[in-house]
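I opened this notebook to keep track of what I looked up in one structure. The entries follow the order in which I checked things.

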Amino acid sequence: MLVMAFAPVAGAFSDVPENTALSEAVDVILENHFMNKANDDEFGTEEIITRLLMVMFVYRLLNNGELFFGGENKTKFTDIDEGLYTTISWASERGIVKGISETEFNPKGNITLQDCYTMLVRALGYENLTYPDGYISVAEEKGLSKNVSEDIENTEALTKGDVAIILYNAFSQLDKHVLDGKKIIFIGNSFTYYGRTVFD
């Protein structure tokens, strides 16, 4: 069973209200090193997130909080810096990012709600869906939109607080196993298991 035990830290930030979906998300996000805090007093809730930062968050999400720099550019993109080659190449090779053109990734562009959903849905293993509606639909079906403000338009730029909640929702999906909650019948006995790590 995957158990996350840690002391809540979100309450220490002036820009994270206590006992909210955001504070719960921030605790998990920071504990697992998917994001960094802005400073000791602020999480950076209202910071606008770029496409580059979003890829870095997804990379950390799927690589146990680790982030690597350097490497070589294995992508078709000509607008990324050398230090980011490993992260962007990793995401490109897995089809998580496609770019805004054949040769542009637009790393400094703002991440929109639909592109945030698209990257994470692809990261969860869904491919070749209609962009953006197919990805949005799966994101909503899988609960990535839970506690996300309904006022945010699909083409609207996301804040760090918005992305923290969505990333937290995606992390919850990663922890699901196809056999979660199912009874596994053994000779004369039945058992119910929870948590994918039991079977990994």
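**Entry 1: a loop residue**

I started with T159, which lies in the loop between α5 and α6. Helices here are DSSP runs of H or I with at least four residues, strands are runs of E with at least two, and both are numbered from the N terminus. The model is predicted, so local features need pLDDT of at least 70 and side-chain atom pairs count only at pLDDT 80 or more, while totals for chains, interfaces and linings use all residues. Residues are numbered from 1 along each chain as its sequence is written, and side-chain values use heavy atoms, with hydrogens and water left out.

Is T159 buried or exposed? I found T159 at 12% relative accessibility, so this residue counts as buried (buried is under 20% relative accessible area, exposed over 50%, partly exposed in between, with a 1.4 Å probe and protein chains only). I then listed what T159 touches, not counting residues up to four places away in sequence: T45, E46, E47, I48 and I49. Contact means heavy atoms within 4.5 Å. The C-alpha atoms of T159 and E46 are separated by 5.2 Å, although the two residues are 113 apart along the chain.

**Entry 2: the whole chain**

I counted six helices and two strands, in the pattern α-α-α-α-α-α-β-β along the sequence. Of the 200 residues, 42% count as buried. Among contacts with a separation of 6 or more, 58% are between residues 24 or more positions apart.

What does I166 touch, not counting residues up to four places away in sequence? I noted L113, C116, Y117, L120, L144, V148 and L158.

**Entry 3: two helix pairs**

I took α1 (residues 21-31) and α6 (residues 160-174) next; they pack at an angle of about 65°, with their axes 9 Å apart. Axes are lines fitted to C-alpha atoms, for helices over the stretch in contact, and angles run from 0 to 180 degrees between N-to-C directions. That angle makes α1 roughly perpendicular to α6 (65 to 115 degrees; under 35 is roughly parallel, over 145 roughly antiparallel and the rest oblique). In this contact, A21, L22, E24, A25, V28 and I29 of α1 meet G161, A164, I165, L167, Y168 and F171 of α6.

The axes of α2 and α4 come within 11 Å and cross at roughly 25°. These two helices are therefore roughly parallel to each other. Here R51, M54, V55, V58, L61 and L62 in α2 meet D115, C116, M119, L120 and A123 in α4.

**Entry 4: helix α3**

Which residues of α3 (residues 85-93) are buried? I listed Y85, T87, I88, S89, W90 and A91. The buried residues of α3 pack against α2 (51-62). Just after α3, G95 takes a positive phi of about 75°.
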